[in-house]
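Work through these exercises with the model open beside you. Try each task before you read its solution.

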Amino acid sequence: MKKCWVFLCLVLLSASLLLAGCNATGLGEAGGDNTQTLKVANYFASEHPQNVALREKFKPLVEEGSEGTLKVEIYDNSQLGAEQEFYDGVRNGTIEMGIPGMIMQSSIEKLGVTEWPFLFKDYEHAKNVLNGPIGDELLEDLEEKHGVHPLAWSANGFRMFSSNKELASVEDFKDLRLRMPNIEHYIDLGKALGATVSPMPISEVFTALEQNVVDGQDNPIATLRASGWYEVQDYVLESRHMFSPNLYIINSKVWEGLSEDQQKVVQEAAQKSADYEFELMQKSYEEDKKFLEDKGIEFITPSKEFQKEMEEATEPLYESYYEKFPWAEDIVERIKEQAN
């Protein structure tokens, strides 16, 4: 009797191990409790290239590639809070993923380099730098300090000034009430040009422009179009004074909790989505410009003299960067070298 009982136990144990082995696929079993949701937060309007890329590339690639074990939910247009709020949400794990700008640069100083004035010449220059060794160097402290894992660089684009008055020279910035993000070097840039800077989150910009709390703002024109700010602005100065990147990030503990196969799926999907978004941003400029012109926006292309005036007005900012950060001049020179 005892031998029969031992035999029965061995049979049951073998069956349990066999069933466990059948489920050990690395991706898990689709549906039920094994499906994990990745909420992805950002501040862009629904039709902005960032969200087009998320819908058309990231979401299907993750859901199909993970065989249904991962589900993606996109929360655009600051649905989960303004940039600082959803970034903090990713840091503390209440939100799995996000696509912030460089809001973390106040404590990860090297990330601020990406938005220093007149540094990048075009999209290819920016993409090559960010997707290479310099981009990796800029990100090296992010996970350790903030608990978020970087996945891929994407493009907000080249920033330009929109306003309710014509900007045809540096003198025209005098007394211009200019909304800028609440980031130190943005504020310093606006002041260097002579503007009166009013920092505020992107979610408040339309109302501030509509109520004449500010006279203008700076953003890529894709944002101007997608956010409807053309309804309360008259001019765009094609200054290209700053390139703004965005970054796909995921909470580090969430990342570590994924299987190796799931991590590979998410990483590859993020890179393909970000590459697609870069492509959309590059292609959309002329279309966005025509759309805005049809809505009554007048575009001002700065003369060489005006462009030089703006660049010279911001040169003292670089002197301050070099004094403050011992690593700054070397990185700037290496970025400029890749433009050749």
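**Exercise 1. A helix pair**

At what angle do α7 and α12 pack, and how far apart are their axes?

*Solution.* The model is a predicted one. Start with the geometry. The angle between α7 and α12 is about 145 degrees. Their axes lie 8 Å apart. Next, take the handedness: α7 passes α12 in a right-handed crossing. Now list the residues that make the contact. From α7 come E184, H185, D188, L189 and A192. From α12 come A313, T314, L317, Y321 and K324. Last, sort the residues of this contact by class. Five are nonpolar, two are polar and three are charged.

**Exercise 2. The largest pocket**

State how much space the largest pocket holds, then describe its lining.

*Solution.* Take the volume first. About 730 Å³ of space lies in the largest pocket. Then count the lining: 34 residues. Nearest the centre of the pocket are Q105, N182, I183, E184 and Y186. E184 also belongs to the contact of α7 with α12.

Next, ask which elements contribute. Those giving two or more residues to the lining are α3 (83-92), β4 (148-163), α7 (184-192), β8 (235-251) and α12 (304-324). The largest share comes from α7, with four residues. Finish with the classes. The lining has 14 nonpolar, eleven polar and nine charged residues.

**Exercise 3. N164**

Where does N164 lie, and which residues does it contact beyond its sequence neighbours?

*Solution.* Begin with the location. N164 is in the loop between β4 and β5 (177-180). Its relative accessibility is 28%, so N164 counts as partly exposed. Leave out neighbours within four places in sequence. The contacts of N164 are then N212, V214, D215, Q233, D234 and Y235.

Compare sequence and space for two partners. N164 and V214 are 50 residues apart in sequence, with 9.3 Å between their C-alpha atoms. N164 and P199 are 35 residues apart along the chain, with 18 Å between their C-alpha atoms.

**Exercise 4. F299**

Is F299 buried or exposed, and in which element does it lie?

*Solution.* F299 is in strand β9, residues 298-300. Its relative accessible area is 13%, so F299 is buried. Now find its partners outside four places in sequence. They are I221, V236, E238, Y285, K289, L292 and E293. One of these, V236, is 63 residues from F299 in sequence. Their C-alpha atoms are 4.9 Å apart.

**Exercise 5. Positive phi**

Find the phi values of E67 and N77, and state where each residue is placed.

*Solution.* Recall the general rule. Most residues other than glycine have a negative phi. E67 has a positive phi, near 60 degrees. E67 is in the loop between α2 (49-65) and β2 (70-75). At 52% relative accessible area, E67 is exposed.

N77 also has a positive phi, near 55 degrees. N77 lies in the loop between β2 and α3. Its relative accessibility is 49%, so N77 counts as partly exposed.

**Exercise 6. The whole chain**

Definitions and conventions. Residues are numbered from 1 along each chain as its sequence is written. This is a predicted model: local features need pLDDT of at least 70, side-chain atom pairs count only at pLDDT 80 or more; totals for chains, interfaces and linings use all residues. Side-chain values use heavy atoms; hydrogens and water are left out. On a 1 Å grid over the protein atoms alone, a cavity is a set of points where a 1.4 Å probe fits but cannot get out, and a pocket is an open set with protein on both sides within 12 Å along at least five of seven lines; lining residues have an atom within 4 Å of a point. Grid points are joined across faces, edges and corners, and a volume is the space filled by probe spheres set on the points. Ala, Val, Leu, Ile, Met, Phe, Trp, Tyr, Cys and Pro count as nonpolar, Asp, Glu, Lys and Arg as charged, and the others, Gly among them, as polar. Axes are lines fitted to C-alpha atoms, for helices over the stretch in contact, and angles run from 0 to 180 degrees between N-to-C directions. A crossing is left-handed if the near helix is turned anticlockwise from the far one by less than a right angle, and right-handed if clockwise. Contact means heavy atoms within 4.5 Å. Buried means under 20% relative accessible area, exposed over 50%, partly exposed in between (1.4 Å probe, protein chains only).
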